[in-house]
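This report was prepared for a reader who has the sequence and the model at hand. Its topic is the overall fold and a selection of side-chain arrangements.

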Amino acid sequence: MSGGFRSRAAGRRQEPKRPTGFAEQQKQQKQQRQQKQQKKQPEGTGRQRYSVKSRPASIGDAPREAAFETVLRVTRDGAFANLTLPGLLRERKITGRDAAFATELTYGTLRTMGVLDEVIGANSSRPVAQINPEVLAALRLGAYQVLYMRVENHAAVDTSVRLVEAANQDKAKGFANGVLRSITRTPVEEWLAKFDRNHAHPEWIVKSFAAALGDAAEAELDSALKADSERPIVHLVARPGEITAEELALTTGGRQGKYSPYAVYLEEGDPGQLQEVRDGLAGVQDEGSQLIARALAEVPVDNDQGRWLDLCAGPGGKAALTGAIAAIDGAHVDAVEVAPHRADLIRKAVGNLPVTVKVADGRDPGLEAGSYDRVLVDAPCSGLGALRRRPEARWVKTEDDIAELNTLQSELLASAVNLAKPGGVIVYSTCSPDVRETRGIVDKQKALGNVEELDARPYAMDNVGEGPSVQMWPHRHGTDAMFFAVLRKLP
């Protein structure tokens, strides 16, 4: 697929073709990889990953090379950008302005990928889904620089073509050059007016946010979408009993959070390199997530025996904070996780805290019914509330995913109610504002008549909705768009 490309001449542009969506591209590329592997690899060798040996040749531009490799790994191999890029920056000692450029280019490209593919498709004679992955990664980076960054057109085009060449796709150099130069011939404002009407969000996510905002949608939807596309600052959590937020802010150069007594904001830098994080005194955790863990420990429970449960505990952020609070209160936390590798992450996160990790399915974990004072259900969800941190996810997820998740969410909440004692508290939370994953699940459980809903707003910040549940938003609070409700089990 690397040869025989043509770009449309500026004077002969036809009606733009709609490229196949990114999710469909992923599906097609996965099928192609599997077919190739079946032919070339012995049975049982597993999925081929991006290796050092397959790294493209250097073009003498370390920031763009790191961005290219990250985008390629994410789109071709399903890697996580928030794990891949920091590793490359550390490995190659890319710092300062170069690191900032690489970060903006990478996350911006992934965030606007659907828009970029529309623009690329409008200037290519070949459907986007049929473009070689390396060539497409370079085109996306080039198009993002042209449309969204203050980069000279010639620099964006030239470096992208060099990336194509460095990736051993020499025959596609002319194609890449033609597509990008064709894009530069049309004013940026025209492309964005045509394809970026929703701040780089698919239409179904726009509708989801509007439904969650309710009466405020008309006034706030644009702000919510815009904030959802901004790069978030790092939120640190000071582990209670180990270090205070004030001490953590002083030692890291950060500033104390607005809402959580454990939160510290870090404007820049790699939190993984902080000594406090390495020593387990602090961790990386969104401030909204901190409030949810704190709410679990603060809602009044009669005759609290100190038996707390985190039913969906991986990768361990809430379990670690809950465990730290439990250590102060003389309580103990059971943390359930269905995936063994995520259970290992929990064990690493909680260290010597009073937390016991159990590998089991939260829907039937084999625990004693009616025995827990406090139960947290941080349910698996669409993750629409954290698209700032995984920008490419908006183009991978589909609305069809919601229904399947709803079944799992309802089953987990029902299990939590069964495990809570009469009078015990259940906190249901998601990192999604979609009402089908939030109020829809809570109201379904309430209809069974075995729980009552308490007002969760006293355990959060202001302006979190009409209640009694809490809905946080990036544009209002600077947190992820997290939801939580507080239920009490009836006798």
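The text below describes the chain as a whole, then its aromatic pairs, then charges over rings, and lastly one glycine.

**The chain as a whole**

The model is predicted. Its protein chain contains 20 helices and 12 strands. Of the 491 residues in the protein chain, 54% are buried. Among contacts in the protein chain with a separation of 6 or more, 73% are between residues 24 or more positions apart.

**Aromatic pairs**

The structure has 4 aromatic pairs. One of them joins W191 and F195: the ring centres are 6.2 Å apart and the planes meet at 15°, so this pair is stacked. The angle decides the class, because planes under 30 degrees apart count as stacked. W191 and F195 both belong to helix α9 (residues 188-195), and because they are 4 residues apart there, about one helical turn separates them. W191 has a relative accessible area of 5% and is buried. F195 is buried as well, with a relative accessible area of 17%; this value falls in the buried class because the cut-off is under 20%.

A further pair, F209 with W473, is edge-to-face, with 5.6 Å from centre to centre and 70° between the planes. This pair links distant parts of the chain, its members being 264 residues apart. F209 is in helix α10 (residues 203-213), whereas W473 is in the loop between β11 (470-471) and α20 (474-477). Both F209 and W473 are buried.

**Charges over rings**

Two arginines lie over the faces of tyrosine rings, as listed here.

| Arginine | Ring | Distance from the ring centre |
|---|---|---|
| R231 | Y107 | 3.6 Å |
| R307 | Y372 | 4.5 Å |

G424 is part of strand β9 (residues 420-430). Its relative accessibility is 0%, so G424 counts as buried.

Terms used
Residues numbered from 1 in each chain as written. Predicted model: local features only at pLDDT ≥ 70, side-chain atom pairs only at ≥ 80, totals over all residues. Heavy atoms only, no water. Phe/Tyr/Trp six-rings, centres within 6.5 Å; stacked < 30°, edge-to-face > 60°. Helix = DSSP H or I, 4+ residues; strand = E, 2+ residues; numbered from the N terminus. Buried < 20%, exposed > 50% of the residue type's maximum accessible area, 1.4 Å probe, protein only. Lys NZ or Arg CZ within 6 Å of the ring centre and 35° of its normal. Contact = heavy atoms within 4.5 Å.
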